[in-house]
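Good morning, colleagues. Please look at the display first.

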Amino acid sequence: QVQLVESGGGLVQAGGSLRLSCVASGNIFSINDMGWYRQASGKQRELVAILNSGGISTYQDSVKGRFRISRDNAKNTVYLQMNMLEPEDTAVYYCYGRLVPRRWSASYDHWGQGTQVTVSS
């Protein structure tokens with residue numbers, strides 16, 4: 001069984017910081033893209049930040065300069081350091097991975113269960 005398990009969410013005041021972590025485990029040969037999406041109440045899921053296996057990152061415009069994504073390939077772990085949080089960042093944050101289960105096999109998308117981030121004003 002493949003799992004992406006997030007941690008680090010919670011309640012924080014505006015201007016504060018949180019660090020999210022996501023560990024991938026199970027039948028994984030390698031991971032291509034790994035990153036974070038979020039879904040606020042009543043809205044569609046949206047990309048926050050993603051990092052490919054070559055180290056190239058992409059951020060949503062609203063989080064540029066405030067959030068930083070990083071990953072530890074040896075540990076199959078991705079992090080999201082979130083600074084200067086705003087009430088508009090309140091959402092469920094989902095870990096995403098483009099996983100390769102075996103050598104030469106096709107990759108597929110996998111998601112974590114989500115972690116709540118709430119920013120109070």
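Among contacts in the protein chain between residues at least 6 apart in sequence, 56% join residues at least 24 apart, a contact being heavy atoms within 4.5 Å. This is a predicted model, in which local features need pLDDT of at least 70 and side-chain atom pairs count only at pLDDT 80 or more, while totals for chains, interfaces and linings use all residues. Residues are numbered from 1 along each chain as its sequence is written, and side-chain values use heavy atoms, with hydrogens and water left out.

Let me continue with the overall dimensions. For 121 residues, a compact globule would have a radius of gyration near 14 Å, and the protein chain agrees, with 14 Å. That radius is taken over C-alpha atoms, and the globule rule is 2.2 Å times the number of residues to the power 0.38. Along its principal axes, the C-alpha trace spans about 50 × 25 × 25 Å. Of the 121 residues, 40% are buried; here buried means under 20% relative accessible area, exposed means over 50%, and partly exposed lies in between, with a 1.4 Å probe and protein chains only.

As to secondary structure, the chain has zero helices and eleven strands. These are DSSP runs numbered from the N terminus, with helices being H or I of at least four residues and strands E of at least two. The pattern along the sequence is accordingly written β-β-β-β-β-β-β-β-β-β-β.

In what order do the four strands of the open sheet run? The order is 1-3-8-7, and the pairing is antiparallel; two strands pair if DSSP finds at least two bridges between them. Strand 1 (3-7) and strand 7 (67-72) stand at the edges with a single partner strand each, so one side of each has no neighbour in the sheet. From one strand to the next, the twist averages 15 degrees, where axes are lines fitted to C-alpha atoms, for helices over the stretch in contact, and angles run from 0 to 180 degrees between N-to-C directions.

Strand 7 pairs with strand 8 (residues 77-82) in the antiparallel sense over six bridges. Asp72 has Thr77, in strand 8, as its bridge partner. The loop between strand 7 and strand 8 contains Asn76. Asn76 is not a glycine, yet it has a positive phi of about 50 degrees; its relative accessible area of 25% makes it partly exposed. Met84, in the loop between strand 8 and strand 9, also is not a glycine and has a positive phi of about 50 degrees. At 47% relative accessibility, Met84 counts as partly exposed.

Next, the aromatic residues. Rings of Phe, Tyr and Trp (its six-membered ring) pair if their centres lie within 6.5 Å; planes under 30 degrees apart count as stacked, over 60 as edge-to-face and the rest as tilted. How many aromatic pairs does this rule give? The count is three aromatic pairs. One of them joins Tyr37 and Tyr96 edge-to-face, at 5.7 Å centre to centre and 65 degrees between the planes. Because Tyr37 lies in strand 4 (residues 30-39) and Tyr96 in strand 9 (residues 91-100), this pair ties together parts 59 residues apart in sequence.

Is Tyr96 buried or exposed? Tyr96 is buried, with a relative accessible area of 8%. Tyr96 also forms a tilted pair with Trp111, at 5.1 Å centre to centre and 55 degrees between the planes. Trp111 belongs to strand 10 (residues 108-111) and Tyr96 to strand 9, so the pair ties together parts 15 residues apart in sequence.

Trp111 is partly exposed, at 32% relative accessibility, and Arg45 lies over its face at 4.7 Å from the ring centre. A charge sits over a ring if NZ of Lys or CZ of Arg is within 6 Å of the ring centre and within 35 degrees of the ring normal. Arg19 lies over the face of Tyr79, at 4.1 Å from the ring centre.

Finally, consider Gln13, in strand 2 (residues 10-13). Gln13 counts as exposed, at 58% relative accessibility. Leaving aside residues up to four places away in sequence, Gln13 touches Val119 and Ser120. Gln13 and Ala24 are eleven residues apart along the chain, and 29 Å separates their C-alpha atoms.
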